[in-house]
Amino acid sequence: MKVEDEAKFEQEAEHLMEQVHQKYGYDFRGYSRASLYRRIKRFVGNTGIESMEVLQQTVMADSYFFEGFLQEITVNVTEMFRDPSFFLSLRKNVLPILSTYPFIKIWDAGCSTGEELFSLAILLKEEGLLDRTKIYATDVNQKVLRQAKEGIFPAGNIAAYTSGYYASGGQQEFSEYYVSNYGSLKFKSYLIKNVVFYPHNLATDASFNEFHLILCRNVLIYFTHQLQERVFKLFDESMVDLGYLALGKKETLALSVLNSRYQLTDKNNRIYRKAG
Amino acid sequence: MQSYEKVVVMGGSWGGIQASLKILQGLPSGFALPVVLVLHRLRNTESELQHIYEKKVKLQVQEIDEKKPLLPGHVHLAPANYHVLVEKDKTFSLDVSDLENYSRPSIDVTFMSAADVMGKQLIGILLSGASRDGSVGLKYIHDKGGLTIVQDPAEAEVSTMPESAIKLIPGCSVMGLGRIQEFLLSIT
């Protein structure tokens with residue numbers, strides 16, 4: 001499909017999102033448009049669907065097809081140790097404080113296929129905290145949650161992951177954490193034995209627990225300011241006093257009304273701490 | 001909000017830093033248009049790119065943050081490891097979806113997104129580079145009625161990128177860096 005008329009495409013895309021909301025309950029009203037439209041066009045291009053009309057009919061008729069569509073239009077691209085300086089900072093500035101609690105609860109919000117989750121688990125293991133930490137890994141997309149549970153990642157990225165691991169302060173042989181086979185890396189399951197996975201939609205669902213650390217990196221960039229504000233409130237309700245919030249490198253709490261209640265622990269890596 | 005009539009998007013890879021600096025150094029601090037600059041850069045490293053431009057360019061240099069508006073007299077620098085898109089309200093969005101042409105940021109992504117918003121009011125400039133990224137985006141700008149300029153391949157440090165664009169867009173203007181700079185000064 002070639003988009004000849006941008007205005008018409010946008011109208012059709014909006015209509016599709018409305019129907020998806022009604023039928024499947026996924027609400028995209030709070031998503032930034034440029035990125036959403038681009039991914040719809042990409043999906044249509046990659047699947048060879050001839051028109052937006054056909055896309056809409058197929059999405060409505062086939063829930064399995066819809067799941068694939070959902071995976072494509074919600075960005076699930078992620079990598080292990082993305083921004084090693086962030087993980088190094090977590091190790092040096094945050095985990096020592098968290099270690100003073102007898103039991104630690106962490107929320108990995110928008111965990112996608114689990115690369116960040118396993119990176120975090122490796123850090124916790126090396127800092128001796130893994131056994132007394134419970135991680136709640138959530139995502140709007142159930143398909144990626146199933147993948148995250150598997151902990152199998154393409155072996156092609158191993159060089160980048162290994163250097164990311166050491167740049168993050170890694171102290172072991174990185175290869176001890178996975179088994180390599182059939183062009184894939186299977187990460188050892190003891191890393192996620194204290195992880196619970198479940199679907200949670202930041203756009204619509206409520207707070208479900210209280211955490212010492214919430215990670216939500218490069219998820220909010222897809223949301224409008226209004227939806228970001230909702231999510232910040234949700235995080236605030238879900239965080240203990242003196243808890244930590246970790247955002248993506250280009251995300252900020254600065255424009256939120258909650259900003260005054262948080263201090264920057266690490267400005268460059270966007271790690272915030274809630275006031276006591 | 002400060003107003004402006006057109007937007008300049010500029011892309012480059014190998015040799016793109018030097019080429020873009022040569023163009024931008026000649027622009028006054030009161031330059032009336034926003035300039036969005038997408039350069040291929042290493043993904044997981046801290047970079048001095050912003051400081052390099054700040055030292056040599058009179059325009060305000062800012063690495064792009066999400067939701068921030070495009071501003072005249074500013075060079076908006078695409079951050080490492082994010083795609084940059086432009087929203088209808090002329091603010092930036094960031095995106096960490098798949099690499100395009102082995103790149104994130106990808107020049108194609110920003111060029112196409114800016115063209116959707118700016119249409120005829122967009123000026124796309126593609127500079128030196130050892131990649132094909134940018135050609136499809138520049139063609140997209142051309143098809144939406146925007147103006148497309150390609151650095152003269154004879155002058156480019158690496159000519160792959162300009163040559164690939166010229167092949168794809170017969171209607172584009174091929175110019176040396178000096179003439180690109182003169183052109184930008186003449187339209188404002």
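**View 1. The loop between S6 and H3 of chain B, where Pro105(B) is found.** In this predicted model, the peptide bond that leads from Arg104(B) to Pro105(B) is cis, and its omega is near 10 degrees.

**View 2. The side of chain B that touches chain A.** Here 19 residues of chain B are in contact with 20 residues of chain A. Three elements of chain B give two or more residues to this side, namely strand S5 (83-86), strand S6 (92-95) and helix H3 (107-118). The element that gives the most is S6(B), with three residues. Sorted by class, the side of chain B that touches chain A holds nine charged residues, six nonpolar residues and four polar residues.

**View 3. Chain A as a whole.** Chain A contains ten strands and nine helices. Its radius of gyration is 20 Å, close to the 19 Å that the globule rule gives for 276 residues, so chain A is as compact as a globular protein of that length. Taken along the principal axes, the box that the C-alpha atoms of chain A fill is roughly 55 × 50 × 30 Å. Of the 276 residues in chain A, 44% count as buried. When contacts in chain A between residues at least 6 apart in sequence are considered, 79% of them join residues at least 24 apart.

**View 4. The two assigned domains of chain A and the contact between them.** The domain assignment of chain A gives domain 1 (3-73) and domain 2 (84-274), and the centres of these domains, taken over C-alpha atoms, are separated by 29 Å. Eight residues from domain 1 of chain A and ten residues from domain 2 of chain A take part in the contact. On the side of domain 1 that touches domain 2, the largest share, three residues, comes from helix H4 (residues 63-73) of chain A. By class, that side of domain 1 has four polar, two nonpolar and two charged residues.

**View 5. The open sheet of seven strands in chain A.** The strands follow the order S6-S2-S1-S7-S8-S10-S9, with mixed pairing. Strand S6 (195-199) and strand S9 (262-266) of chain A are the edge strands, each of which pairs on one side only, and from one strand to the next the twist averages 20 degrees.

**View 6. Strands S2 and S6 of chain A, with helix H7 lying across them.** Strand S2 (residues 133-139) of chain A and S6(A) run parallel and are joined by five bridges. Within this pair of strands, Thr138(A) stands opposite Tyr198(A), which belongs to S6(A). Helix H7 (residues 142-150) of chain A, which lies across S2 and S6 of chain A, runs at about 165 degrees to S6(A).

**View 7. Tyr182(A) and Leu242(A), each with a positive phi.** Tyr182(A) lies in the loop between strand S4 (178-181) and strand S5 (184-187) of chain A, and its phi is near 50 degrees, a positive value in a residue other than glycine. Because Tyr182(A) has 7 C-beta neighbours inside 10 Å, Tyr182(A) counts as exposed. Leu242(A), by contrast, lies in a strand, S8 (residues 239-247) of chain A, and the phi of Leu242(A) is near 70 degrees. Leu242(A) has 12 C-beta neighbours inside 10 Å and therefore counts as exposed, since a residue is exposed if 12 or fewer other C-beta atoms lie within 10 Å of its own.

How values were computed. Residues are numbered from 1 along each chain as its sequence is written. Chains are lettered from A and ligands numbered from 1 in the order in which they are written. This is a predicted model: local features need pLDDT of at least 70, side-chain atom pairs count only at pLDDT 80 or more; totals for chains, interfaces and linings use all residues. Two residues are in contact if their C-beta atoms, placed from the backbone, lie within 7 Å. Helices (H or I, at least four residues) and strands (E, at least two) are DSSP runs, numbered from the N terminus. Ala, Val, Leu, Ile, Met, Phe, Trp, Tyr, Cys and Pro count as nonpolar, Asp, Glu, Lys and Arg as charged, and the others, Gly among them, as polar. Two strands pair if DSSP finds at least two bridges between them. Axes are lines fitted to C-alpha atoms, for helices over the stretch in contact, and angles run from 0 to 180 degrees between N-to-C directions. The radius of gyration is taken over C-alpha atoms; the globule rule is 2.2 Å times the number of residues to the power 0.38. A residue is buried if 20 or more other C-beta atoms lie within 10 Å of its own, exposed if 12 or fewer, and partly exposed in between; C-beta atoms are placed from the backbone. Domain bounds come from an automatic or database domain assignment.
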